[in-house]
Amino acid sequence: KLLLFIQRLFLSVCLFDEEPVCLHTKVLSCWFCRNCKVDVAFLMEGSWSIGKRRFAIQKSFLGNVVKAMGVGPQGAAVGLVQFGNKPTTEFNLKSQWTSKEATAAIQEIKQQGGYSNVGKGLQHVYKTFFLDKSGNRGRAPNVAVVLLDGWPSDAVKEPARLAREAGINIFMVTVEEADQDEKKLVSEADFVNQAVCRTSGFFSLSVPSWNEVHKFVRPLVERVCNAEKLLCSKTCLNSADISFVVDGSSSVGFNNFRTVLQFVANISRAFDISDTATRIGMVQYTYEQRVEFPFNKYNSKEDVLNAIQHVSYWNGGTATGAAINYAVQNLFSATKPNKRKILIVITDGRSYDDVRGPSAEAHKGGVIGYAVGISWAVHEELMAIASKPEKDHVFFANEFGGVNTVVSQIVTNICKEFNEQPRN
Ligand SMILES: *[C@@H]1O[C@H](CO)[C@@H](O)[C@H](O)[C@H]1NC(C)=O
């Protein structure tokens, strides 16, 4: 009981504090102290149907949510879109406010009026809100929290699907039932389920009345801040653990090895890289193997590209089979559930050991294999490394200078394969 009391106390302190700082995370497991590193678009109801009083409650609810999340460079970045007839960005992620400033900005917002066009609001969000130039940090999951009074006036399903496919995690908070007038306008009675990822209600909250909305601050913030669960809106670019296994044998040579590193960097550059999105790891091998960097070492594209550039050439024999085994045991052992395990092997010659066995073992463990052979690489070995069908997973260049032509094809194929998978 005492613990509960203290926890409540912390909660209330937190709600009124600008930057919540937790000293006792472990002891009290206080939920609000976790680093809430997400980029959030709040979509706020501005239609006439909500009325002045409820519009004011909505503002104070949003203010409390923002306070509880902890806004700032180390925490959440927030922006707000009001939707009535037409969506308007009231402020975007670039404002880089503290909780206090964001709360004040929310208080200033004037009700727009018109219909409840949520679908148009979502479209506005995926087209304009999460662009880099609008302040998207890229190192944090994208979240859209829709607050809706009653039912929407336009279709939600299609814009929501497009937003999710752009990697945006949509939360739907619906408050109160629709009145009869509103129901006439609704084309999708099941719009909440159509809008969110189907993960047993995690992405939707139904609030019986505006008078009770304050009770939902904590449940909402807990969910929005749970970065591990925000993997539902996956794209081919933000949901993989990619492991490069690079041949450092003496036949490659110093200059060609630089080209291979460039190749690795060019593929990596195409992905959204962060701890919650795609992660990159790398193994170099000769007769021996070494981890150049594991998945969890770097949390941004910049750092990964920098690390690739600084890998030094090993120079030795070629044991490709052992290297694949090694990558499975030393990189993929630390993969996260929900991530696609992609292995890209780059080699220029025949392996001294068996490639077939280790490759089959890797495939059995859910690893998707891509093989990139250069000059003396052996076709049968590339086929063994690669997943089926061969034409989508085996690449070959006659000389090192030619690998650059393969980059976009590999990325395209990774995305094609992803889009063919059944999805949540
Ligand atoms: C990598 O990308 C750069 C810039 O697009 C290009 O000039 C270079 O040829 C590429 N190299 C490889 C090996 O892919």
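Predicted model: local features only at pLDDT ≥ 70, side-chain atom pairs only at ≥ 80, totals over all residues.
Let's start in strand β2, which spans residues 77-83 and includes Gln82. With a relative accessible area of 0%, Gln82 falls under the 20% limit and is therefore buried.

What does the side chain of Gln82 reach? One partner is the side chain of Glu90, joined to that of Gln82 by a polar contact of 2.8 Å. Another is the backbone oxygen of Lys110, which lies 3.0 Å from the side chain of Gln82. If you set aside neighbours within four places in sequence, the contacts of Gln82 include Met44, Gly46 and Phe55. Pro87, Thr88 and Glu90 are also among them, as is the run of Ile109, Lys110, Gln111 and Gln112.

## Around the ligand

In Asn266, a polar side-chain atom sits 2.3 Å from an oxygen atom of the ligand. For Gln262, the distance from a side-chain N or O atom to a nitrogen atom of the ligand is 2.7 Å. Asn404 has a side-chain N or O atom 3.4 Å from an oxygen atom of the ligand. On its own, the ligand has 360 Å² of accessible area, and the protein covers 55% of that.

## Aromatic rings

How many aromatic pairs does the structure hold? There are 10. One of these is the pair of Phe91 and Trp97, with ring centres 4.8 Å apart and 55 degrees between the planes. Planes under 30 degrees apart would count as stacked and those over 60 as edge-to-face, so this pair is tilted.

Are the two partners buried or exposed? Phe91 has 6% relative accessibility, which is under the 20% limit, so Phe91 counts as buried. Trp97, at 27%, lies between the 20% and 50% limits and therefore counts as partly exposed.

Elsewhere in the list of aromatic residues, Phe171, Phe202 and Phe203 come together in one aromatic cluster.

How values were computed. Residues numbered from 1 in each chain as written. Heavy atoms only, no water. Helix = DSSP H or I, 4+ residues; strand = E, 2+ residues; numbered from the N terminus. Buried < 20%, exposed > 50% of the residue type's maximum accessible area, 1.4 Å probe, protein only. Polar contact = N/O pair within 3.5 Å; in protein donor to acceptor, adjacent residues only side chain to side chain. Contact = heavy atoms within 4.5 Å. Areas by Shrake-Rupley, 256 points an atom, 1.4 Å probe, with all protein chains shown as cover. Phe/Tyr/Trp six-rings, centres within 6.5 Å; stacked < 30°, edge-to-face > 60°.
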